[in-house]
Amino acid sequence: MNRFFRLSPVLRARKAQEDAARGSLTHSRAEIREAEALVKRRHLNLVGAEAPNEGTARAMVASLVARQSLAASLFDAQRMVTDAQEVERERMAALADAAKRRRAVELMAERHAELVRHHDLRVDQAALDELAVTSKARNVARGLVEGSPA
């Protein structure tokens, strides 16, 4: 029986794919945190930029336009969070798929190892049986029979 598991390179490749997917997911989670921090900063900027109570009409209009711009930038940041979360879901699915594919090859490797172990046990048992039969045959040839004095 071949002791070498022929799919070992495939298993290593599947593990590498899973590690790459895990790294990609970690990167995606970092992007989500960055986008959420950006949302928080832009929200604070919008809250801090209140409309003036007094001033010229131009100043009031400029202030309102600036607030609208801040609100639009906040909306864009929230969209970035949503997009990053969608990418995270896709990458999580890719990681789960890579883990399934790796596990399938791992199960084959475990079955192969079990077959090799059973084969080794059968070979060892056959060798022990052969020794026992040979020993008994030698004893019979020498005239030593079980139960009789030597």
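This is a predicted model: local features need pLDDT of at least 70, side-chain atom pairs count only at pLDDT 80 or more; totals for chains, interfaces and linings use all residues.
Side chains of opposite charge can pair when their charged atoms come close. Across the whole structure, a search finds 12 salt bridges.

One of them lies in helix 1, which covers residues 8-48. There the side chains of D19 and R22 meet, with 3.2 Å from N to O. The two residues are 3 apart, about one turn of the helix. D19 has 48% relative accessibility and therefore counts as partly exposed. R22, at 39%, also counts as partly exposed.

Helix 2 spans residues 57-142. Within helix 2, D97 and R101 are 4 residues apart, about one turn of the helix, and their side chains form a salt bridge at 3.3 Å, N to O. D97 is partly exposed because its relative accessible area is 37%, and R101 counts as partly exposed because its relative accessibility is 31%.

A further salt bridge joins the side chains of R103 and E110, at 3.2 Å from N to O. R103 is partly exposed at 34% relative accessibility, and E110 is partly exposed with a relative accessible area of 42%. Through shared partners, salt bridges link E18, D19, R22, R102, R103, E106 and E110 into one network. D19 and R22, the pair from helix 1, thus belong to the network that also holds R103 and E110.

The surface also carries a nonpolar patch, formed by L7, V10 and M108, with about 190 Å² of accessible area together. M108 lies in helix 2 and counts as partly exposed, because its relative accessibility is 34%.

Notes
Residues are numbered from 1 along each chain as its sequence is written. Side-chain values use heavy atoms; hydrogens and water are left out. Patches are made of residues with over 30% relative accessible area and no salt bridge: like charges are joined within 9 Å, nonpolar side chains (Val, Leu, Ile, Met, Phe, Trp, Tyr) within 5 Å. Accessible areas come from the Shrake-Rupley method with a 1.4 Å probe; for residues, only the protein chains shown count as cover. A salt bridge is a side-chain nitrogen of Lys or Arg within 4 Å of a carboxyl oxygen of Asp or Glu. Buried means under 20% relative accessible area, exposed over 50%, partly exposed in between (1.4 Å probe, protein chains only).
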